[in-house]
Amino acid sequence: MSGEEQRVFTTDEQQLLEEILLHRRDVRGNRFLKTPVTDEVIEKILQAALSAPSVGFSQPWEFVLIKDEATKQAVKATFSEETQKAVVQFADEKQKEYIQLKLEGIVEAPINIAVFYKPKNEPVLGQTSMPNMGKYSVVCAIQNMWLMARALNVGLGWVSILDPQKVKQILNAPAENELIGYLCLGYTDMFYNQPELEIKKWEQRKQADEVIIQEKY
Ligand SMILES: Cc1cc2nc3c(=O)[nH]c(=O)nc-3n(C[C@H](O)[C@H](O)[C@H](O)COP(=O)(O)O)c2cc1C
């Protein structure tokens with residue numbers, strides 16, 4: 001024991017976390033405002049990422065902050081190309097729905113953050129049997145950013161309909177880096193109370209008893 005006083009959370013604080021979890025949303029271009037996000041706010045969101053758990057405390061992440069219009073336009077171009085390839089993979093009736101969805105806010109969001117996994121050249125404690133654990137650690141960092149952004153009333157949208165190699169080229173990323181998430185951030189005119197894909201009847205929320213198994217399958 002370190003002898004340090006342990007932080008104990010009050011019921012109100014517990015409820016606050018629950019509220020933030022429930023009200024976190026993926027925010028897309030139709031909702032972003034042009035209002036600039038200050039460096040101080042971005043710093044808080046990045047600090048949340050840096051306090052995420054990581055396998056072997058490897059912290060295998062790097063973050064590229066993007067405000068430049070030309071860079072955003074180049075990333076948007078790969079989104080458009082990948083969207084064309086995506087649509088045809090869905091059944092006819094879903095294709096019509098798909099093309100009506102807004103699935104990114106690259107240009108509308110005042111700031112984009114590309115999040116990379118940077119592998120180590122040596123074994124990582126905890127990652128020796130399950131090599132994806134480093135990448136999952138980067139996802140933990142993104143989730144921390146998403147929650148912190150929501151607490152600061154900043155919208156965050158995750159865009160994955162991109163060619164990761166093209167994004168790497170656009171950003172001059174080192175060859176060994178792997179793109180994990182491309183995030184669009186900004187203030188929004190509103191946060192939906194439910195996932196947009198649920199409102200638009202693309203998917204339904206699963207019930208707990210559909211996915212929680214007691215003891216064994
Ligand atoms: C790994 C990951 C990738 C995602 N990629 C996209 C994407 O490319 N475009 C998009 O519009 N939303 C994307 N999303 C957001 C999901 O659509 C969204 O989280 C889901 O519909 C639930 O809505 P909510 O986040 O508002 O609760 C992604 C989410 C995750 C976790």
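**Around the ligand**

Reader: Which side chain has an N or O atom 2.8 Å from an oxygen atom of the ligand?
Author: That's Arg 24. A polar contact here is a pair of N or O atoms within 3.5 Å.

Reader: What kind of model am I looking at?
Author: It's a predicted one, where local features need pLDDT of at least 70 and side-chain atom pairs pLDDT 80 or more, while totals for chains, interfaces and linings use all residues. Residues are numbered from 1 along each chain as its sequence is written, and side-chain values use heavy atoms, with hydrogens and water left out.

Reader: OK, what about Arg 28 and the ligand?
Author: Arg 28 has a polar side-chain atom 2.5 Å from an oxygen atom of the ligand.

Reader: And which ligand atom does Ser 160 face with its polar side-chain atom?
Author: A nitrogen atom, at 2.6 Å. As for cover, the ligand has 610 Å² of accessible area on its own, and the protein covers 72% of that (Shrake-Rupley method, 1.4 Å probe).

Reader: Which residues are around the ligand?
Author: Besides Arg 24, Arg 28 and Ser 160, the list has Arg 25, Asp 26, Leu 103, Trp 146, Trp 158, Val 159, Ile 161, Pro 195 and Leu 197 (a heavy atom within 4 Å).

Reader: How does that shell split by class?
Author: There are 7 nonpolar, 1 polar and 4 charged residues. Asp, Glu, Lys and Arg count as charged, and Trp and Pro are among the nonpolar ones.

Reader: Switching over, how much space is in the largest pocket?
Author: About 340 Å³. Its lining has 13 residues, and Arg 24, Arg 25, Pro 195, Leu 197 and Arg 205 lie nearest the centre. By class, the lining has 4 nonpolar, 1 polar and 8 charged residues.

Reader: How many cavities of 30 Å³ or more are there?
Author: The search of the whole structure finds 1. The largest cavity holds about 30 Å³ of space, and its lining includes Arg 25, Asp 26 and Arg 28, along with Met 190 and Phe 191.

How values were computed: Polar contact = N/O pair within 3.5 Å; in protein donor to acceptor, adjacent residues only side chain to side chain. 1 Å grid on protein atoms, 1.4 Å probe; cavity = no way out; pocket = protein on both sides within 12 Å on 5 of 7 lines; lining within 4 Å. Points joined across faces, edges and corners; volume = space filled by probe spheres on them.
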